[in-house]
Amino acid sequence: MVAVLTKIFGAEHLAMAEDVVQDTLLQAMQVWSDKGIPDNPSAWLYRVARNRAIDIIRRNRHAIQFDFSDPERILLTSSYSFTATMEHFWQEEPVRDDMLRMMFACCHPGISEENQLCIILKTLCGFSTAEIAKAFLTSEDTISKRLYRTREFFREKRLRLAIPSVPEMKQRTDAVLNAIYLLFNEGYNSTHATALIRRDMLEEAMLLCKLLTEHTHTQVPETFALMALMCFHASRTDSRLSAEGEIILLQDQDRGKWDRQLVATGNDYMNRAASGHTISQYHVEAAIAYEHCAAENYTQTNWERILAYYDLLCEMAPSPVTEVNRAVAIMQLHGATAALTALERITAQKKLSSFYLYNSLLGELHARLRNIPLAKKYFGIAMTQTQSATEQRILGSKISALD
Amino acid sequence: MKDYLLLFRGGPQYIPSAEQPQAPISPDWRNWMETLVKNGRFVAGQRLVGDTGAVLKGRKTQLTDGPYAEGKEVVAGYLIIKANDLEEAAALLKGCPIFEHDDASTEIREIAF
C-alpha cells in the first residue's frame, strides 16, 4: 500500500504515504471493532486509502509541491482523467510493479545497507518502528533516525520510483538481491533478537524475492538461485529449534521435520537458475544447501562435494565466513588437524578473531583433539561474542561437556 | 510546437455532489489523454462545474446569472495541448471522447506566445 501511495505522491512524500496507511489502519480498527470485519478486508483498506489519497491531492494540489511532471502522475492534475488515473494506480498488476519499484528505490546505492533493510521492513513489509527496533536490538529512536535519513535522501534526490533502465539493471538487481538475502539471514539467524529465528522476516524475504522471480526485468539466474537457496534453508526451520526454543545443530535435527515440499520448490527454482551462463554466489550457496537437504542423515552428507563448492565459493567471493565454513567441511572429510591447518592459513586473522563462529569452531576442533584448556578458552571467547541467548546456552553446554 | 486551447462545449455536465465530489466521467478520457501525455502533447486542462456560474457584462459590469441559454453552448471544460499547427491539433482531437455526445463541439484556438 505504501508503494502505491508513494507512486501517487512521489518518493519525496514518503512520510505522507506512510501517514495515509497509518490513518487507514486506525480507521479500520475503529470501524471494524464497531461493525465487524468486512467481507473483503483488503479491498476495504484499499478503498479507504485511495479515498484519503484523493482528498490529499485535491486539498494540497497547490499548497504542496507534488512533482506532476512524471508522465504517470500528470494525469492526476486534470479532472478529466483524475478518477480513472487514481483507479489505475490501485489495480493489482501495477501494484505488484509498484512494490518492485519501491524495492529498487529502497536499495538505491546511496543508502547504506542497514538503512535499506529498515526502510524495506517499514514500507514493504509493514513492520512498525518498534518491531524493527526489536529485530535489530536497538532503540526506536535509532530506527526513527535511520528512516528519517532515508526519507530525506528520497526527498533530496527526488527519487523517481522506477524500474531501472537496462544498463543499470544488473547492478541494481544485485543490490536488491543482497538486501533480500540480508533480510533472510537476519530472520534465519537473528544476530540480535532473543528469538533465534524470525519467521516473519524469512517469509517477507521470500515473498519479495518471489516478486522478482515473477517480473520479466528481474528474472535473472541470480534471482532464481537466491530463491532456491532460501527455500532450502527455510525447509529446515521447523527442525532447528527445540520446543524450549533451543537451537538444534544440523547433525541432531529431525530430518523428518524438513519441509520436503519446500525443498522440491527450491529444486524447481534451481533448475530455472541454471539457465544462462552465470554462476553467482547464490548458485553455489544454494548447491551447498541442497547437498544438506538431499542427505538422508548427517553421516551420509556428501562432504566431498560440499568442500568442492566451498573451494569455488572462496575463489568467487573470498570472505572469512566462507573460509570458516570451508574448514568445517574439511573437518568432516579430513579431520580436525587438517581443518586447523586450513584455519591458520586464512589471512584475515584479525578480522576473524572477532567472529564468534570462528572461535566456536576453534573450540570444537580443539575439543576433538582433546586439547581441553584450549577448547574451553575458544568456546569462552565465542560466548562473549554472540548476543544471542540461545547460542550462548549451546556454547555453555559444550564447555560443561568437556569436563 | 505551439499551444492550443481546446474549448469543449456541450456533453454531460460536471455536477459534483457530496457523495461524488469527483463527478463521474468515462475512463475513455484517461485513455485518450494518456496518449497525449505519451506523445508529449498534454499541457493542462480541467472540467468546469456545470450548473453554476455568472456573467459580468459591459461597462456597467452588470452581473447576470450564467451561463447561457442552451446546454450545448455551455463551456464544459478546456484542455491545453501542444501541436505543430491547427491541422495537427484537430487530428489529435479526433479521438476525444467528447464526440460520443451528439450535442458536443470543440473549438480549437491557438494560444498567443
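User: What makes residues of chain B count as being in contact with chain A?
Analyst: Two residues are in contact if their C-beta atoms, placed from the backbone, lie within 7 Å. By that test, 15 residues of chain B touch 12 residues of chain A. This is a predicted model, where local features need pLDDT of at least 70 and side-chain atom pairs count only at pLDDT 80 or more, while totals for chains, interfaces and linings use all residues. Residues are numbered from 1 along each chain as its sequence is written, and chains are lettered from A and ligands numbered from 1 in the order in which they are written.

User: Which element of chain B gives the most to the side that touches chain A?
Analyst: H1(B), with six residues. Helices (H or I, at least four residues) and strands (E, at least two) are DSSP runs, numbered from the N terminus.

User: How many helices and strands does chain A have?
Analyst: Chain A has 21 helices and zero strands.

User: Why is B:Ile81 called buried?
Analyst: A residue is buried if 20 or more other C-beta atoms lie within 10 Å of its own, exposed if 12 or fewer, and partly exposed in between, with C-beta atoms placed from the backbone. B:Ile81 has 25 other C-beta atoms within 10 Å, so B:Ile81 is buried.

User: Where is B:Ile81 found, and what is B:Ile81 in contact with, leaving aside neighbours within four places in sequence?
Analyst: B:Ile81 is found in strand E5 (residues 75-83) of chain B. Its contacts beyond those neighbours include B:Tyr4, B:Leu36 and B:Phe42.

User: How much of chain A is buried?
Analyst: Buried residues make up 39% of its 403 residues.
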